[in-house]
Amino acid sequence: MSSTGTCAMNGLALHERPAPPASWRIALPHSAAAVPVARALVRTALAELKHGADSDTAELLTAELVANAVEHTTGDAPIELVVELLPTGCQVEVHDSDPMPPGDLTRPSGGEPDPWQEHGRGLLLIRALSSSCGHRPTQTGKAVWFRLAAVPPQWRPHPA
């Protein structure tokens, strides 16, 4: 009996343990050029997942996290993007060198963002569109993350 694949035994199918989650990790430049690269990596990673999270939402939220890391951290240390694909969806993390937690990611401030201002809605989008989000300290700064649940096949848009 092999330890890989499926083995039939007395009518019962025995399966090997599920594979560990797929993940991607990439260092990005500390510049606005990092945003489209991050979006492309997330779209490519989610294309690998059979029952993936909504890639448009994942791209949007990733762009917000990367743009915030570029805008709100000083220096030229690279930003790191980590994309982990899980059976239940995906988790995206952006690591930067600033240990300060992001504004009001997990605790919204009292007021709504001004619709006429160019900034101020990114963290609101992350809170509203992700299944969960947060931040944690790292040895070199912090990681800000969000999770998206897998979209059931019947809820996915059908190709035209």
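Colleague: How many aromatic pairs does the structure hold?
Modeller: The count is 0 aromatic pairs. Keep in mind that this is a predicted model.

Colleague: OK, what sits over the ring of Trp-145?
Modeller: That would be the charged end of Arg-147, 4.5 Å from the centre of the ring.

Colleague: Switching to the sheet: in what order do the strands come?
Modeller: The order is β3-β4-β5-β7-β6, which makes an open sheet of 5 strands with antiparallel pairing. From one strand to the next, the twist averages 15°.

Colleague: And which strands stand at the edges?
Modeller: Those are β3 (22-28) and β6 (132-138). Each has a single partner strand, so one side of each is left without a neighbour in the sheet.

Colleague: Which helix packs on the sheet?
Modeller: Helix α1, residues 34-48, does, and it touches β3, β4 (79-86) and β5 (89-96). The direction of α1 makes about 15° with that of β4.

Colleague: Back to β7. How many bridges join β6 to it?
Modeller: There are 7, and the two strands run antiparallel, with β7 covering residues 141-149. β6 and β7 form a hairpin with 2 residues between them. Across this pairing, Thr-138 stands opposite Gly-141, and His-135 stands opposite Val-144.

Colleague: What about β5 and β7, over how many bridges do they pair?
Modeller: Over 8 bridges, again in the antiparallel sense. Here His-95 stands opposite Ala-143 in β7.

Colleague: Why is β7 described as largely enclosed?
Modeller: Because 7 of its 9 residues are buried, β7 is largely enclosed by the rest of the structure.

Technical notes: Residues numbered from 1 in each chain as written. Predicted model: local features only at pLDDT ≥ 70, side-chain atom pairs only at ≥ 80, totals over all residues. Heavy atoms only, no water. Phe/Tyr/Trp six-rings, centres within 6.5 Å; stacked < 30°, edge-to-face > 60°. Lys NZ or Arg CZ within 6 Å of the ring centre and 35° of its normal. Pairing = 2+ DSSP bridges. Helix = DSSP H or I, 4+ residues; strand = E, 2+ residues; numbered from the N terminus. Axes fitted to C-alpha atoms, helices over the stretch in contact; angles between N-to-C directions. Contact = heavy atoms within 4.5 Å. Buried < 20%, exposed > 50% of the residue type's maximum accessible area, 1.4 Å probe, protein only.
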